[in-house]
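Open the model in your viewer and keep the selection panel at hand. The stops below say what to select next and what is there.

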Amino acid sequence: MDFEDLLGDARSIVLVHAHPDDETLATGGLIAELADRGRHVAVLTATRGERGEIVPGTLDGLDAEQLADARVDEVVAAARTLGVRHGGFLGQPPARAAGAPPRRYTDSGMVWLDEAETLAGPGEDAGPDALSLADPDEIAADIAAYARDRDADVLISYDDHGGYGHPDHVALHEPTRRAAALLGIPFWEVSSDPDGPGATLETPRQLDRVTAALAHHASQLTVDGDEVVHVGGQRQPILLRFTLRPA
């Protein structure tokens with residue numbers, strides 16, 4: 001399937017992500033390309049990344065609430081750089097089901113399951129408001145509310161592996177699919193394997209823009225040439241190839 005065929009005449013596209021920085025790390029080139037093609041792109045972020053490990057010397061001395069606020073500022077700046085026209089947080093209007101009081105979904109945390117630190121799994125001490133412990137139907141209703149507010153033609157999020165297994169990524173797959181079904185619009189999953197089956201989009205021309213967006217997430221990562229260096233020292237190429245498929 002060709003990406004243009006998949007995109008069709010979709011004009012308003014909502015991407016659903018788990019934490020600040022995921023929008024750029026996992027789909028930055030995709031967002032920038034969609035924006036350049038004249039699509040209205042919105043990003044719905046589920047948590048404020050409260051449990052993300054911090055790069056030393058960036059946000060030292062902040063309490064938990066100040067840290068969350070700083071990460072909100074980071075995602076706003078990064079999204080603007082990529083061409084995102086609107087952003088929201090899950091559980092906060094307009095990303096809250098009608099009649100439900102606002103709530104805050106929190107970062108579940110994770111543990112690495114392999115020595116190479118490429119596969120994540122659930123942490124053992126996720127708080128009661130953790131995204132991964134929330135009712136999937138409630139999450140779906142909140143996603144649907146935001147997509148309806150944005151007049152979305154398409155929802156995009158992780159596949160059932162969540163990219164690398166983070167419990168918050170995994171927790172968004174099924175609710176996003178349900179939200180799309182509620183609205184009668186397509187759900188496209190971003191494949192964890194860019195070389196797998198689906199519609200492939202190459203975005204090398206977006207490298208500079210994605211690099212600039214990544215720089216706004218200085219509390220979480222650094223950029224070295226065409227690679228991202230995470231807090232734990234893990235390196236990965238800046239992602240510029242994306243495979244999407246209808247789910």
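Select S108 and S132 and show their side chains: a polar contact of 2.8 Å joins them. The model is a predicted one. S108 sits in the loop between β3 (86–89) and β4 (110–112). Is S108 buried or exposed? With a relative accessible area of 1%, S108 falls under the 20% cut-off, so it counts as buried. Now display what surrounds S108: leaving aside neighbours within four places in sequence, its contacts are R51, A126, A130, L131, S132, P167 and D168.

Next, select F3, L30, I156 and L244. These are the residues with the most contacts inside the largest nonpolar core, which has 32 residues. Helix α2 (residues 22–36) gives the most to this core, with 5 residues. Apart from this core lies another, of 25 residues; L44, A46, L172 and A180 are among them.

Return to L30 and show its contacts. Beyond its neighbours within four places in sequence, L30 is in contact with F3, L15, I156, L201, T203, F242 and L244.

Now select all of α2. It is mostly covered, with 13 of its 15 residues buried. Look at G28, where α2 bends by about 80°. Just after α2, G38 has a positive phi of about 85°.

From I156, move to W188 in β7, which stands opposite it. Strand β6 (residues 154–158) and β7 run parallel and are joined by 4 bridges. Which way do the side chains of β7 (residues 187–190) point? F187 and E189 point one way, W188 and V190 the other way, and all are buried. In a regular strand, side chains alternate between the two faces of the sheet.

The last stop is helix α3 (residues 64–82). Its 19 residues reach 27 Å from first C-alpha to last, close to the 27 Å expected at 1.5 Å a residue. Start at the N-terminal end, which D63 caps: a side-chain oxygen of D63 lies 3.2 Å from the backbone nitrogen of E65. Then colour the buried residues of α3, including L67, A70, R71, E74, V75 and L82. What do the buried residues of α3 pack against? Their partners are α2, β2 (40–45), β3 and α6 (207–215). Finish at G83, which follows α3 and has a positive phi, near 100°.

How values were computed: Residues numbered from 1 in each chain as written. Predicted model: local features only at pLDDT ≥ 70, side-chain atom pairs only at ≥ 80, totals over all residues. Heavy atoms only, no water. Helix = DSSP H or I, 4+ residues; strand = E, 2+ residues; numbered from the N terminus. Buried < 20%, exposed > 50% of the residue type's maximum accessible area, 1.4 Å probe, protein only. Polar contact = N/O pair within 3.5 Å; in protein donor to acceptor, adjacent residues only side chain to side chain. Contact = heavy atoms within 4.5 Å. Core = buried A, V, L, I, M, F, W, Y, C linked by side-chain atoms within 4.5 Å. Bend = angle between axes of the 7 residues up to and from the residue. Pairing = 2+ DSSP bridges. Expected span 1.5 Å × (residues − 1).
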